[in-house]
Amino acid sequence: MAGLTLDQAGILEVLPHREPFLFLHGVSGLVPGERAEGFVTVPADHPYSLGQPTVPTGLLIEAMAQLGGVTMLYERRADRPIVLFRSVKDFVLKRPADFGARVDLEASVSRVRGRFGEVRTQAATGGEPVAEALLGFAVMR
């Protein structure tokens, strides 16, 4: 996928999230307002692991939402808009993701109307699907 590539510093220019709540470690193939790919690797000693054997579902959803946020907000990053995470639709957990595994993410903007938008997201490890969802956002001015 052709497009922009962002390292951690580039992601921090777009998102207000900081460790330990930053679940996006790299972005590639970013076509602002359209689509992007990204990844995260959540270590077993992460503060939110809570002794679980696999990455909690909420963290997967948050990682997908952060990639969706970068996709929708990259062109407006200088304005530092406030974005509200509105909804999770059609979420499917296909299998758990192990701590320490690289989770590859995809996001594609499916609809934008005014300040509201929806992003179709997917997560996979080792090429095997992990989760998918349609995530809703509201961009505040």
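Reply: Helices and strands here are DSSP runs, numbered from the N terminus: a helix is a run of H or I of at least four residues, and a strand is a run of E of at least two. By that rule, Gln52 sits in the loop between strand S3 (35–41) and helix H2 (57–73).

Some ground rules follow. This is a predicted model, in which local features need pLDDT of at least 70 and side-chain atom pairs count only at pLDDT 80 or more, while totals for chains, interfaces and linings use all residues. Residues are numbered from 1 along each chain as its sequence is written, and side-chain values use heavy atoms, with hydrogens and water left out.

The protein chain has 2 helices and 7 strands, and along the sequence they follow the pattern β-α-β-β-α-β-β-β-β. The radius of gyration (taken over C-alpha atoms) is 14 Å, close to the 14 Å that the globule rule gives for 141 residues, so the protein chain is as compact as a globular protein of that length. The globule rule is 2.2 Å times the number of residues to the power 0.38. The C-alpha trace spans about 40 × 30 × 30 Å along its principal axes. Buried residues make up 42% of the 141 residues. Buried means under 20% relative accessible area, exposed means over 50%, and partly exposed is in between, with a 1.4 Å probe and protein chains only.

Now for the part you asked about. A salt bridge is a side-chain nitrogen of Lys or Arg within 4 Å of a carboxyl oxygen of Asp or Glu. A search of the whole structure finds 7 of them.

Lys89 is partly exposed, with a relative accessible area of 36%, whereas Glu118 counts as buried at 11%.

Another salt bridge is between Arg120 and Asp90, where the closest N and O atoms are 3.9 Å apart. Arg120 lies in S6 and Asp90 in S4, so the pair ties together parts that are 30 residues apart in sequence. Arg120 is partly exposed at 31%, and Asp90 is exposed at 51%.

The side chains of Arg102 and Asp104 also meet in a salt bridge, at 2.6 Å from N to O. Both ends are partly exposed: Arg102 has a relative accessibility of 45% and Asp104 has 31%. Elsewhere, salt bridges that share partners join Lys89, Arg111 and Glu118 into one network.

Strand S6 also holds Ala123, which counts as buried at 3% relative accessibility. Ala123 and Leu135 are 12 residues apart in sequence and 13 Å apart in space, C-alpha to C-alpha.

Other charged residues form a patch. Patches are made of residues with over 30% relative accessible area and no salt bridge; like charges are joined within 9 Å, and nonpolar side chains (Val, Leu, Ile, Met, Phe, Trp, Tyr) within 5 Å. Lys and Arg count as positive, Asp and Glu as negative, and His and the chain ends are not counted. Arg76, Arg86, Arg115 and Arg141 form a positive surface patch.

The loops complete the picture. Gln52 is partly exposed at 45%; Gln52 and Asp98 are 46 residues apart in sequence but 9.7 Å apart in space, C-alpha to C-alpha. Leu50, also in the loop between S3 and H2, has a positive phi of about 50 degrees although it is not a glycine. Leu50 counts as exposed at 66%. Arg80, in the loop between H2 and S4, has a positive phi near 50 degrees and is partly exposed at 42%. In the loop between helix H1 (8–14) and strand S2 (26–31) lies Pro20, joined to Glu19 by a cis peptide bond with omega about 10 degrees.

Key: Accessible areas come from the Shrake-Rupley method with a 1.4 Å probe; for residues, only the protein chains shown count as cover. The place of a charge is taken as NZ of Lys, CZ of Arg, CG of Asp or CD of Glu.
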